[in-house]
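The stops below each begin with something to select.

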Amino acid sequence: MSNNTSNLPSASDVEQSISPDDSIFPEPHRLARRSFIRSLGVGAALLSPVAGLLTGARRTDAQTTSSLGNPDSGDIAILRFVAAAEILETDLWVQYTELARNNPAFADALALIDEDMTQYIIDNTDDERSHAAFLNAYLSATGGNPVNLEQFRTLPSSQATGARQIRRLTNLMNLTVDTSWWIRYRSHENPDFGDTFPQFIRIVNRPGIPPHDFPKGSKQIQAIANTAAFHFPTIEQGGSSLYSALGQLVTDRTVLKIMFGIGGSEVNHFAIWHDKAGNTPPVSVEGVTFPDMENFNGDELRQNNLVMPEPCDFIRENLPDCSVIRPSSIEQAGAVAALNFLTSMGLFQGQSQAFFNFMAQLAQAADSASRNGP
């Protein structure tokens with residue numbers, strides 16, 4: 001396998017496997033206003049001299065590192081599955097971005113949750129696009145086959161104002177959102193040890209984007225925005241566990257660095273969206289009720305501002321509890337588990353059997369990888 005960086009495909013090459021159009025990002029986006037960083041006040045300013053030193057001179061190891069590593073067939077299988085997952089994730093985030101930017105009723109409903117929701121959605125979309133493009137480029141550069149899902153772009157778009165009328169890979173119209181992670185991360189239990197958790201809010205067969213236009217300020221559009229607000233962290237906590245699980249099977253150190261690097265980004269996304277979900281306003285429409293989150297104050301399994309992962313069982317139950325991403329086992333969070341998780345939420349409703357066969361092959365190959373070689 002070649003380590004020559006000249007083998008890297010062009011940006012236009014990798015874009016063909018991610019999204020057919022860049023038009024939803026017509027201009028550079030501004031830096032998102034992170035409310036929790038703003039609250040640091042002068043503390044953030046004290047970091048400026050350190051930041052200047054770091055940007056003034058690159059670290060030596062970053063300057064001298066040129067090898068792309070030597071991934072074996074198991075590493076390639078893992079990278080191909082996560083590349084496919086990132087392409088699918090990009091597809092759903094692109095849809096959220098289109099509606100958040102261009103549908104006034106949806107944008108207003110999101111702003112009731114947090115004024116920065118639209119900017120965060122745009123940022124998250126940028127991140128997932130970068131993950132997919134990087135993984136496919138790395139696969140090409142190291143002799144692996146990049147993943148292209150364009151043949152499966154068959155699902156219809158929303159008919160609401162702001163949605164481009166193109167074919168999609170994912171379906172955001174009939175989501176069943178698993179909200180058990182809300183209680184899981186506030187508990188001292190870990191699904192890797194067989195523990196199970198109830199749903200926090202029952203969200204079944206609900207749209208995460210408006211399928212057509214709704215009036216500004218209506219209960220219907222707020223319920224859709226609230227569904228999206230819980231779907232965001234549901235997706236990202238799954239990604240956090242996926243990279244943690246598959247990273248344990250990696251052989252090559254460069255591939256391990258990739259899994260740590262991208263996995264860390266997914267954890268960051270989860271933390272932000274976990275916090276934002278706690279701001280959803282109460283609303284009830286036929287089929288779903290979002291409660292007043294303030295009613296859970298004092299309930300440690302449901303309180304909205306308890307977003308730091310509680311310490312839990314880890315590795316062995318007789319060791320001290322530890323605050324970690326969980327689950328992280330192949331059985332609970334590997335490629336097959338992740339594919340089943342995404343399928344069960346209705347994300348692929350309407351997809352072809354060929355799509356499911358293709359994704360199942362990628363998932364099974366990834367989970368079969370071994371640190372001792374293929």
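**Before selecting**

This is a predicted model, in which local features need pLDDT of at least 70 and side-chain atom pairs count only at pLDDT 80 or more, while totals for chains, interfaces and linings use all residues. Residues are numbered from 1 along each chain as its sequence is written, and side-chain values use heavy atoms, with hydrogens and water left out.

**The whole protein**

Show everything as a cartoon. The protein has 14 helices and 4 strands; these are DSSP runs numbered from the N terminus, helices being H or I with at least four residues and strands E with at least two. Of its 374 residues, 51% are buried, where buried means under 20% relative accessible area, exposed over 50% and partly exposed in between, with a 1.4 Å probe and protein chains only. The accessible surface is about 17200 Å², and carbon and sulfur atoms hold 54% of that; areas come from the Shrake-Rupley method with a 1.4 Å probe, and for residues only the protein chains shown count as cover. Among contacts with a separation of 6 or more, 80% join residues 24 or more positions apart, a contact being heavy atoms within 4.5 Å.

**Stop 1: α6 and α14**

Select residues 73–102 (α6) and 353–367 (α14). Their axes lie 7 Å apart at an angle of about 140°; axes are lines fitted to C-alpha atoms, for helices over the stretch in contact, and angles run from 0 to 180 degrees between N-to-C directions. The two helices are therefore oblique to each other, since angles under 35 degrees count as roughly parallel, over 145 as roughly antiparallel, 65 to 115 as roughly perpendicular and the rest as oblique. α6 passes α14 in a left-handed crossing, meaning that the near helix is turned anticlockwise from the far one by less than a right angle.

Now show side chains. Ala-77, Ile-78, Arg-80, Phe-81, Ala-84 and Leu-88 of α6 meet α14 residues including Phe-355, Phe-358, Met-359 and Leu-362.

**Stop 2: Leu-68**

Step back to the loop between α5 (60–64) and α6, where Leu-68 sits. Leu-68 has 14% relative accessibility and so counts as buried.

**Stop 3: α13**

Select residues 335–344, helix α13, whose buried residues include Ala-335, Leu-339 and Phe-341. Which helices do the buried residues of α13 pack against? They pack against α6, α10 (219–247), α12 (330–333) and α14. After α13 comes Gly-346, with a positive phi near 85°.

**Stop 4: Ala-333**

Ala-333 is in helix α12 and counts as buried because its relative accessibility is 6%. Leaving out residues up to four places away in sequence, Ala-333 touches Ser-241, Leu-242, Ala-245, Pro-327 and Ser-328.

**Stop 5: α10 and α11**

Finally, select α10 with residues 253–277 (α11); their axes are 8 Å apart at about 155°. α10 and α11 are therefore roughly antiparallel. The residues of their contact divide into 13 nonpolar, 7 polar and 2 charged.

Definitions and conventions
Nonpolar A, V, L, I, M, F, W, Y, C, P; charged D, E, K, R; others polar.
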